[in-house]
Amino acid sequence: MQRRVIDVAKDALALMCDALNRLGDSHAVYGFSGEGHENVEFAVAKDFRDKVGSRSWAAIAAMEPQRSTRMGAAIRHAATKLAHHSARRKVLIIVSDGYPQDSDYGPDRRDDEYGIQDTARALSEAERAGITTFCVTVDAAGYDYLRRMCVEDRYLVIDDVRALPAELSKVYRSLTAS
């Protein structure tokens, strides 16, 4: 039986949480979805102050695909949370299965340019705030839009979703090594 992208992503997030907890690194896990600019949902599976435990495991396990991928708003909200968190190094890793899109992302619903530009702007704002960003997607078309949204060498397209847990670990190590 082939596993869904979300199922592998949840496993990868759980593994990362466990590893970061063992390392003593402060971390949070958020999910996002939305339908229009007035209905952007930001789910907290584990916040910085939360201990890793049954509540965070259950919240990660409960994550399911919802509506649209309104990335810009989610990145801005996560960056605001990171800005208020005291940490020497601040890293925001976004894991997605597709390009940023929503029902009212720009004047023409069929045009994905507005979502790409809004996400690029949100990533740039986070970088200016001292947050290192990195985008990971399991969308084969990801090269087309990630290279336009992200800082060079700060994105990864994974062809095989089963590689996600190992690749997330490599990404985190490369971003935090010094």
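Start by selecting Val136 and Leu156: valine 136 stands opposite leucine 156, which belongs to strand 5. Bear in mind as you go that this is a predicted model.

Now show strand 4 and strand 5 whole; they pair in the parallel sense over three bridges.

Next, bring up helix 3 (71–83). Click on Ile75: beyond its neighbours within four places in sequence, isoleucine 75 is in contact with Leu92, Ile94, Thr119, Ala122 and Leu123.

Ile75 is also among the residues with the most contacts inside the largest nonpolar core, which has 21 residues. To see where that core comes from, colour helix 3, strand 3, helix 4, strand 4 and helix 5, each of which supplies at least two of its residues. Apart from it lies another core, of 16 residues, including Ala12, Ile158, Tyr172 and Leu175.

Last stop: helix 6, residues 164–176. Which of its residues are buried? Pick Leu164, Leu168, Val171, Tyr172 and Leu175. Look down the axis of helix 6: the buried residues fall within an arc of 95°, so they line one face of the helix. Their cover includes helix 1 (5–23), strand 3, strand 4 and strand 5.

Note on methods. Residues are numbered from 1 along each chain as its sequence is written. This is a predicted model: local features need pLDDT of at least 70, side-chain atom pairs count only at pLDDT 80 or more; totals for chains, interfaces and linings use all residues. Side-chain values use heavy atoms; hydrogens and water are left out. A nonpolar core is a set of buried Ala, Val, Leu, Ile, Met, Phe, Trp, Tyr and Cys residues joined through side-chain atoms within 4.5 Å. Buried means under 20% relative accessible area, exposed over 50%, partly exposed in between (1.4 Å probe, protein chains only). Helices (H or I, at least four residues) and strands (E, at least two) are DSSP runs, numbered from the N terminus. Contact means heavy atoms within 4.5 Å. The expected span of a helix is 1.5 Å times one less than its number of residues. The arc is that of the directions from the helix axis to the C-beta atoms. Two strands pair if DSSP finds at least two bridges between them.
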